[in-house]
Amino acid sequence: MVSSSSSSSKHCKKNDSFNGCSNPTKKPRLSFISDSEIQSEFSHHDQTISRINNGSFGSCPQSVISAQQSFQLQFLRQPDHFYFNTLQSSILHSRSIIKSLVNARSVDEISLVDNATTAVAIVLQNYAWGFTEGRFNKGDVAVMLHYAYGAVKKSVQAYVTRAGGEVIEVQLPFPITSKEEIVSEFRKALERGKENGKKKVRLAVIDHVTSMPSVVIPVKELVKICREEGVDQVFVDAAHGIGCVDVDVRDIGADFYTSNLHKWFFCPPSIAFLYCRKRGEEGNGGDLHHPVVSHEYGNGLAVESAWIGTRDYSAQLVVPAVLEFINRFEGGIDGIKERNHEKVVEMGEMLVKAWGTNLGSPPEMCGSMIMVGLPACLGISSESDSLKLRTHLREHFQVEVPIYFRAPLDGEGGSITGYARISHQVYNKVEDYYRFRDAVNQLISDGFTCASLSD
């Protein structure tokens with residue numbers, strides 16, 4: 001395991017502490033974490049709630065919370081010493097671990113930021129500058145998925161549309177049956193972006209795992225298509241990436257890749273990494289800067305991001321402690337991902353069998369989350385209904401699960417219009433999903449419909 005110490009490895013050469021020579025290799029374990037130890041690590045969770053929504057806010061074990069509190073106290077005890085002797089070396093240590101985990105070539109390609117939304121702002125800010133600096137022409141195109149996260153869509157509106165760019169959304173079906181449906185619609189969107197040869201697609205924003213509805217996107221294939229079609233830059237928004245699906249940034253081949261570490265990688269909120277492929281390679285990331293300008297401006301994005309003024313940086317410093325926690329599990333992060341995937345599929349299939357519905361995608365197109373069709377008789381007819389039902393399940397059945405409203409197509413009657421996005425993380429028990437099943441069955445038995453819920 002990697003030590004949680006902020007110092008660099010003793011085996012590093014003198015200057016390697018600035019280049020992130022740390023390597024998060026695992027030591028052999030004689031035994032792995034027990035079920036009781038897992039429950040102890042998450043005993044601060046509200047034990048009255050069936051929390052099958054790890055996807056929204058993630059989860060942090062007690063051992064990592066303790067490490068975070070230690071860093072916070074170190075700063076409060078002697079902030080000057082912490083700033084000059086601990087902060088930057090500890091951030092570099094975290095960046096070095098992430099560099100190895102995602103297979104980046106250099107630690108200089110890895111920056112730590114608050115969350116994926118911040119990373120989106122960094123990339124789109126650079127895109128907007130392309131118009132103001134005359135590198136792009138008015139009407140040049142950015143392509144994004146219709147499934148894109150709401151905050152990302154707002155960011156595109158704030159940066160791309162205002163700067164003079166055109167946005168083309170890739171319309172994707174749901175439920176979805178194969179990755180070929182995604183590939184086909186993506187090609188169509190790129191063709192629209194190049195219509196009549198008068199425009200150029202400057203940027204493609206591609207989710208790795210969409211949020212709502214949750215689907216694993218074939219990012220490697222889509223990046224390859226972008227290269228073939230001459231798209232300038234490709235940005236993969238993987239808010240649910242690391243810890244949920246396999247992440248190899250060199251294999252994926254995008255110019256930019258971001259993922260939160262507080263969702264599926266057990267960090268406290270909030271921390272994300274932004275990978276920017278090094279200059280000089282195809283798809284050069286350009287002159288990226290953090291939107292909060294401070295004393296480190298001009299020293300490279302990774303250094304700029306490591307100091308954006310006085311604030312709590314502790315979430316960025318506990319990556320070594322997180323790695324220690326993860327390596328207590330058989331197979332480390334890969335074993336956790338595999339077991340979470342298997343379990344969420346098993347629970348999803350149990351629920352659709354109980355309710356006579358269907359999954360929103362094939363099992364191979366989900367990671368640690370899966371979309372589960374809810375019975376049509378619940379009468380979910382709007383996004384407002386889905387939110388009210390979610391609140392009802394929380395307040396009356398102690399089940400925390402997000403609900404997605406799928407508008408019926410023209411002429412489609414009696415179809416499933418509501419899907420629950422269930423997650424599985426190491427702290428979940430089968431009883432959490434049984435409670436959800438039984439809650440919905442009780443609603444059906446009572447003749448409940450969403451129309452009975454007040455605003």
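## A buried glycine

Gly139 counts as buried, at 15% relative accessibility. Buried means under 20% relative accessible area, exposed over 50%, and partly exposed in between, with a 1.4 Å probe and protein chains only. Gly139 sits in the loop between helix H5 (116-132) and strand E3 (141-145). Helices (H or I, at least four residues) and strands (E, at least two) are DSSP runs, numbered from the N terminus.

Leaving aside neighbours within four places in sequence, Gly139 is in contact with Phe131, Gly164, Glu166 and Lys199. Contact means heavy atoms within 4.5 Å. Lys199 is 60 residues away from Gly139 along the chain, yet their C-alpha atoms are separated by 6.6 Å.

## About the model

This is a predicted model: local features need pLDDT of at least 70, side-chain atom pairs count only at pLDDT 80 or more, and totals for chains, interfaces and linings use all residues. Residues are numbered from 1 along each chain as its sequence is written, and side-chain values use heavy atoms, with hydrogens and water left out.

## The seven-stranded sheet

An open sheet of 7 strands runs in the order E2-E8-E7-E6-E5-E3-E4, with mixed pairing. Two strands pair if DSSP finds at least two bridges between them. Strand E2 (110-113) and strand E4 (166-170) stand at the edges, each with a single partner strand, so one side of each has no neighbour in the sheet. On average, neighbouring strands of this sheet are turned by 20 degrees against each other, direction ignored.

Helix H7 (residues 179-193) packs on the sheet and touches E3, E4 and strand E5 (201-207). The direction of H7 makes about 160 degrees with that of E4. Axes are lines fitted to C-alpha atoms, for helices over the stretch in contact, and angles run from 0 to 180 degrees between N-to-C directions. Elsewhere in the sheet, strand E7 (residues 256-260) and strand E8 (residues 272-276) pair in the antiparallel sense over 5 bridges. Asn260 stands opposite Ala272 in E8.

## The three-stranded sheet

An open sheet of 3 strands has the order E9-E12-E11 and antiparallel pairing. Its edge strands are strand E9 (369-373) and E11, and each pairs on one side only. The twist from one strand to the next averages 30 degrees. Helix H13 (residues 332-355) packs on this sheet, touching E9 and E12. The direction of H13 makes about 5 degrees with that of E9.

E11 and strand E12 (residues 418-423) run antiparallel and are joined by 3 bridges. Phe405 has Gly418 as its bridge partner in E12.

## Two helices in contact

Two packed helices are described by the angle between their axes and the distance between the axes. The axes of helix H3 (residues 62-77) and helix H4 (residues 79-102) come within 7 Å and cross at roughly 145 degrees. H3 contributes Phe71, Gln74, Phe75, Leu76 and Arg77 to the contact, and H4 contributes Pro79, Phe82, Thr86 and Ser90. By class, this contact has 5 nonpolar, 3 polar and 1 charged residues. Ala, Val, Leu, Ile, Met, Phe, Trp, Tyr, Cys and Pro count as nonpolar, Asp, Glu, Lys and Arg as charged, and the others, Gly among them, as polar.

## The largest pocket

The largest pocket holds about 1,100 Å³ of space. Of the 41 residues that line this pocket, the closest to its centre are Tyr149, Ser211, Met212, Pro213 and Tyr404. On a 1 Å grid over the protein atoms alone, a cavity is a set of points where a 1.4 Å probe fits but cannot get out, and a pocket is an open set with protein on both sides within 12 Å along at least five of seven lines; lining residues have an atom within 4 Å of a point. Grid points are joined across faces, edges and corners, and a volume is the space filled by probe spheres set on the points.

H14 gives the largest share of the lining, 4 residues. By class, the lining has 20 nonpolar, 13 polar and 8 charged residues.

## Backbone details

A cis peptide bond joins Met212 and Pro213, with omega about -5 degrees. Pro213 is found in the loop between E5 and helix H8 (219-228). The bond from Phe174 to Pro175 is also cis, with omega near -5 degrees. Pro175 lies in the loop between E4 and H7.

Asn103 is not a glycine, but has a positive phi of about 65 degrees. Asn103 is partly exposed, with a relative accessible area of 28%.
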